[in-house]
Amino acid sequence: EHLSFYVRMGKERRAGVETVPYDVGIGGEYEGSTAMHVMAYAPLQVAPWGVAVGGDREETFAPLTRLRNSIFLFGVFTLCVVLVATLVGTRRLVKPIKALTESAQRISSGDLDSRISTYGGDEIGLLARTLEIMRVKLRDSLRELTCWGTELEERVKTRTAELERGNRDLSITGAVAPTLSQS
């Protein structure tokens, strides 16, 4: 088998690896075959011949083909795992942010009575707790301002009523209206 390969490599006295057609020489039973063999040749330094090994191309590269297929399947599997992990991680991240956005929108529209849900101990949880504290303080400040406004309105009504009574009393008695420094 592969007589032309052996003759050429022997004459050149060099090491090499080649893919050669399968032949057995003139009149061989495989003459004209399209089968390919991978052959390796290494000349010996102490003798006029060399060592040659070879085999069918599919047999020679079968371990590499299996390795390539295994790496491909492992890559596809790993890609699927990473994709699922990314989707799950994204949902876990987006859900609390979406809830915080909705809470901020409720606050901006004036709803200060709805609690803000808190999430875990991470940065998003810290932000939620901080927003909840801000909401409570804002609600309390708004209630306090409303109470002050109501109290001020009552004082103004009372004072206005007192002034009106005082003016009526003065107009009835015909006396001069008191100035502000006297009241």
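Predicted model: local features only at pLDDT ≥ 70, side-chain atom pairs only at ≥ 80, totals over all residues.
R135 forms a salt bridge with E132, and their closest N and O atoms are 2.5 Å apart. Both residues lie in helix 3, which spans residues 123-173. Three residues separate them, about one turn of the helix.

The average pLDDT of the chain is 85. At least 70 is reached by 88% of the residues. Among the elements, confidence is highest in helix 2, residues 57-108, with a mean of 92. Confidence is lowest in helix 1, residues 3-12, where the mean is 85.

Now the overall layout. The chain has three helices and three strands. Read from the N terminus, the order is α-β-β-β-α-α. The chain counts 183 residues, and 15% of them are buried. The accessible surface of the chain is about 14,300 Å². Carbon and sulfur atoms supply 63% of that surface. Consider next the contacts in the chain with a separation of 6 or more: 29% of them join residues 24 or more positions apart.

Back to the charges. How many salt bridges does a search of the whole structure find? The search finds ten. One of them joins the side chains of R8 and E18, at 2.7 Å from N to O. This pair links distant parts of the chain. R8 is in helix 1, while E18 is in strand 1, residues 16-21, and the two are ten residues apart. R8 has 31% relative accessibility, so R8 counts as partly exposed.

E18 has another partner. The side chains of E18 and R14 meet in a salt bridge at 3.5 Å, N to O. R14 is partly exposed because its relative accessible area is 35%. For contrast, recall the helix 3 pair: R135 and E132 are three residues apart there. Elsewhere, salt bridges that share partners join R8, E12, R14 and E18 into one network.

The loop between helix 1 and strand 1 holds R13. R13 has a relative accessibility of 37%, so R13 counts as partly exposed.

Helix 1 also contains K11. K11 has a relative accessible area of 69% and is therefore exposed. K11 and W49 are 38 residues apart along the chain. Their C-alpha atoms are separated by 9.8 Å.

Turn to helix 2. F61 is found there. Together with L64, L67 and I71, F61 makes a nonpolar surface patch of about 390 Å². F61 has 35% relative accessibility, so F61 counts as partly exposed.

Is P96 buried or exposed? P96 has a relative accessible area of 8%, so P96 is buried. What does P96 touch, leaving aside its neighbours within four places in sequence? P96 is in contact with R91, Y119 and I124. P96 and S117 are 21 residues apart in sequence. In space, C-alpha to C-alpha, they are 8.7 Å apart.

Last, the cysteines. A disulfide is a covalent bond between the sulfur atoms of two cysteines. How many disulfides does the structure hold? The number is zero. C80 has a relative accessible area of 43%, so C80 is partly exposed. C147 stands at 51% and therefore counts as exposed, the cut-off being over 50%.

Note on methods. Residues numbered from 1 in each chain as written. Heavy atoms only, no water. pLDDT = per-residue confidence, 0-100. Helix = DSSP H or I, 4+ residues; strand = E, 2+ residues; numbered from the N terminus. Disulfide = S-S within 2.5 Å. Buried < 20%, exposed > 50% of the residue type's maximum accessible area, 1.4 Å probe, protein only. Salt bridge = Lys/Arg side-chain N within 4 Å of Asp/Glu carboxyl O. Contact = heavy atoms within 4.5 Å. Areas by Shrake-Rupley, 256 points an atom, 1.4 Å probe, with all protein chains shown as cover. Patch = residues over 30% accessible without salt bridge, like charges linked within 9 Å, V, L, I, M, F, W, Y side chains within 5 Å.
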